[in-house]
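The tour goes from one selection to the next.

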Amino acid sequence: MTTLVFLGPTRTGSHPDHDATALAVRHGRVLALGDEARALAATADEVLDIGDGLLMAAFGDGHAHPLLGGLESFGPQIKELASVEAVVSEVGRWAEEHPEAEWIVGASYDPALAPDGEFDARWLDAAVPDRPVVLRAYDYHTVWCNTEALRRAGVSERTPEPRLGRIVRRPDGTPLGTLREWHACDLVLDQVPSRATDDLVEAVRRAGHAYARAGITWVQDAWVEPEMADAYLAAARRDALAFRVDLAQRADPDRWRAQLKPFAETRARVAAEGGELLTARTVKFFSDGVIEGGTAAMLAPYLDAPHSCGMPVWEPRALADAVRAFDAVGFRTHIHAIGDAGVRASLDAIESAIDANPAWDRRPVITHVQVVDPADLPRFAPLGVIANFEPLWAQPDPLQTELSLPRIGAHRAALQYPMGELARDGVRLSFGSDWPVSSHVPLEGIQVAVTRRTFTGEPEEGWIPRQRLTVEQALTAATTGVAHQAGADDRLHLSPGAPADLVLLSADPRAVDPMAIRHARVLGTWLGGRPTYRAAATRGPRAR
């Protein structure tokens, strides 16, 4: 029953004008605010002076892949490398240092490093010719592998094109080394030896450390396979889980009916064994792919492929059938939708579940929401759809300028990431990162949501400036919006009795130059009143 008191500016999140001057915590929950909290400082076990910083509700991540993010630290470190040559060199170095590794597995390379995102197996062969190498692009919809990996997977010029995927080929029909989307990527990925449970638990632990340093206490794991649920349960048993997480089990369009029972069994097992930090209340659907790979489902053809409108993962009627079925047994819906056709099919599926099933607290999510036909924007609010954005993507970076824009053209490019418009329509917004696809640090995404500019400042007027958010709106999407998505109504704002999930920042993002928001430092993160991260300046009791 220790008491912790924070003295200084506190964003409660209940209303922009309702900041507090202090906050007290006892037994993992907010005890008091303002003058009442200040009065407790004299007898508190610990007092922290906020100074010029800001205390606020901890961030949430409404769409991420923590286990995959943790696993990225196990292989070649290629994420920040700026050339094909640098990636190949790092893969060769890692392979030489790990002669025991049967497969060299790494992530995530930048797909904009090669023209059209097409990478040649022979580039990797130059570094590792005798063992299979498989690397994921940072969109996790594309794989680059060497010739030995293709050989072991039996992928050759005679391999037919999979239904949901594409084998990029040379003019003579032989596989180049780049595989796109589910069934093509799985030709090789299915050959990779499974990770040991201890490795997966360690990945969860490493993810927890990364989230704590970023001020995050709740995450939607948006792609969970059965072995991943087992790893989370093992992590919870071993006290290696340092964040709240909901598991979204992935529905497969080829076998979703057979998944209904095991998904419900996993949900029940997690509820019984996972403790207070772990739930499994959600089902994930991939409506389509990604624009940079030409696989997002579009209403009109791609400019560089006039024969193609992309690659829907589900036929719209089948998606609606599956969403209705899982909704009927109480699963929340979380749909990846990038292209305007993918977004429309997702809205249609959610609407069909609302029409067919009894009313309940659904809180359906469409995530990414990259290109939306203007006719579909008014549908979000009446359906109660939460628009989950990865705000860091809303900038004209090389992925946008070199891969996406040439494929969809200026008109559709101007429809991307309509955060501002949906917010003005009263739609609930939540923020995510899609980590390890992109940075898990919320303040970086918040800065982009507010400015719609790259970190170097382009364009000065903002990219599609009408879609900018205010700092207050962006902070709300990263906190209250994610709490609403999580169904955690007790964490919508800081008030007496609320769980003390807190982050202490070195500066108030509302009071700094918008282009400097990302430079605010996380000084501490508390999960239910327990510190999961403390910067050196905030470690240990102050005064008591």
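Is Trp526 buried or exposed? Select Trp526: this residue is buried, with a relative accessible area of 1% (buried means under 20%, exposed over 50%, partly exposed in between, with a 1.4 Å probe and protein chains only).

Before going on, note that this is a predicted model, in which local features need pLDDT of at least 70, side-chain atom pairs count only at pLDDT 80 or more, and totals for chains, interfaces and linings use all residues. Residues are numbered from 1 along each chain as its sequence is written, and side-chain values use heavy atoms, with hydrogens and water left out.

**Ring pairs**

The structure holds 14 aromatic pairs. Rings of Phe, Tyr and Trp (its six-membered ring) pair if their centres lie within 6.5 Å; planes under 30 degrees apart count as stacked, over 60 as edge-to-face and the rest as tilted.

Phe6 belongs to strand β1 (residues 3-11) and Trp526 to strand β20 (residues 522-527), so the pair ties together parts 520 residues apart in sequence. Helices (H or I, at least four residues) and strands (E, at least two) are DSSP runs, numbered from the N terminus. Phe6 is buried too, with a relative accessible area of 0%.

Next, select Trp123 and Trp144. Their ring centres are 6.1 Å apart with planes at 85°, so this pair is also edge-to-face. Trp123 is in helix α4 (residues 121-125) and Trp144 in strand β9 (residues 142-145), so the parts tied together are 21 residues apart in sequence. Trp123 is partly exposed at 34% relative accessible area, whereas Trp144 is buried at 0%.

**A cluster and two charges**

Now select Trp256, Phe263, Phe285, Trp314, Phe326 and Phe331, which ring pairs link into a cluster. A charge sits over a ring if NZ of Lys or CZ of Arg is within 6 Å of the ring centre and within 35 degrees of the ring normal. Then select Lys284, whose charged end sits over the ring of Phe286, 3.8 Å from the centre.
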